[in-house]
Amino acid sequence: MTTTAARRGGAHVTTGASAGAGARGAACTTAGAASGTVPAVPASGATAGVDEGVGRTALLVAAARAIESRRPDALARDPFAEHFVRAARASAHWPIHPGDVPEGEGGADDPLWGRLGGYFALRTRALDDHLLRAAQLGARQVVLLGAGLDTRAHRLDWPSGTTVYELDRAQVLAFKQQVLDGIGARPTARRVPLACDLRLDWAAALAAAGFRSGEPTAWLAEGLLLYLPAAAERRLVATVDRSSAPGSSLAYEVKLGLEPAAVRRNPVYLAARDRLGIDLLALFDDEPRPDTAADLAERGWSTVSHTPFEFTRHYGRGPLPEPDDALAANRWAFASRGPLPAARREE
């Protein structure tokens with residue numbers, strides 16, 4: 001565990017290469033807050049937002065949640081995840097049950113659905129617990145940056161009066177809404193999807209949708225910053241900071257720099273590329289990463305950073321370190337202005 005203490009008191013894109021663009025114009029399209037509607041896409045392109053690039057990684061994570069949900073000792077349950085997987089052309093044949101996974105009962109030894117899938121399940125549980133703890137401490141606004149196929153607005157037990165804002169590209173949100181509508185899903189909180197180009201002034205559209213910067217907010221950037229250029233990550237952090245009242249929190253995932261060649265040949269990366277057509281290494285941005293924890297500290301936040309293996313020890317399930325590990329550089333960070341609602345972990 002590493003900790004950065006406070007010393008004083010934007011951008012989701014389809015590929016890392018495009019995130020640094022300084023485009024101008026309307027950043028977001030405000031969806032219907034009550035109905036959860038999003039801008040429509042043509043039927044012929046209903047799955048275009050998730051079939052390729054970073055969008056396909058959302059299907060990978062959904063498949064991992066679906067498999068985890070069917071385990072008797074599941075770390076997290078998502079009854080909606082399998083419907084996303086089956087609805088998209090790219091993933092229609094992917095496994096959604098532990099019995100569908102090769103190499104043993106539950107596929108524990110499979111690098112894709114066993115190790116990487118287990119990582120996603122562990123991350124889901126850790127971030128679920130963090131967000132619910134933030135809500136228990138009084139946050140009634142939750143902002144999911146690059147929300148993808150996240151279903152926390154539907155599957156978590158939120159306190160009364162909670163609003164969950166979901167920011168992502170229009171095509172991703174349209175596919176998501178189509179699937180949720182098809183199964184009659186109903187959110188457990190007020191849900192406000194915003195179709196956004198987070199390279200632009202998405203904070204203005206968020207405010208127009210009812211977001212109140214003077215109240216505590218739980219922000220989440222799960223599986224987002226790994227794909228962003230350094231400049232986009234810094235802009236996102238600056239926007240979150242400007243929009244956060246005392247008592248707000250930000251949970252995010254980072255990877256510590258470019259991995260050596262031996263790690264880049266890890267079976268996790270090879271299996272994702274060869275079996276699913278997802279070249280994670282090509283999608284990750286390869287610029288030197290900013291020190292976001294230090295940036296937040298300069299802005300008056302406190303941050304604690306963990307390896308995923310710390311949560312494996314805490315929850316009793318999940319990946320453990322291995323040689324030339326594709327997960328070793330990953331860090332889950334929890335920042336706060338005020339009391340830190342970080343997920344509990346082994347000290």
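Modeller: The expected span of a helix is 1.5 Å times one less than its number of residues. Helices here are DSSP runs of H or I, at least four residues, and strands are runs of E, at least two, numbered from the N terminus. This is a predicted model, where local features need pLDDT of at least 70, side-chain atom pairs count only at pLDDT 80 or more, and totals for chains, interfaces and linings use all residues. Residues are numbered from 1 along each chain as its sequence is written, and side-chain values use heavy atoms, leaving out hydrogens and water.

Biologist: What should the 13 residues of helix α6 span?

Modeller: Helix α6 (residues 170–182) should span 18 Å, and its end C-alpha atoms are 18 Å apart, so the two agree. Gly184 follows α6, with a positive phi near 70°.

Biologist: Which residues of α6 are buried?

Modeller: Buried means under 20% relative accessible area, exposed over 50%, partly exposed in between (1.4 Å probe, protein chains only). In α6 the buried residues include Val172, Leu173 and Phe175.

Biologist: How many aromatic pairs are found in the whole structure?

Modeller: Rings of Phe, Tyr and Trp (its six-membered ring) pair if their centres lie within 6.5 Å; planes under 30 degrees apart are stacked, over 60 edge-to-face, the rest tilted. A search of the whole structure finds 12 pairs. In one of them, the ring centres of Tyr119 and Trp332 are 5.5 Å apart with planes at 55°, so the pair is tilted. Tyr119 lies in helix α4 and Trp332 in strand β9 (residues 330–336), 213 residues apart.

Biologist: Is Trp332 buried or exposed?

Modeller: Trp332 is buried, at 1% relative accessibility.
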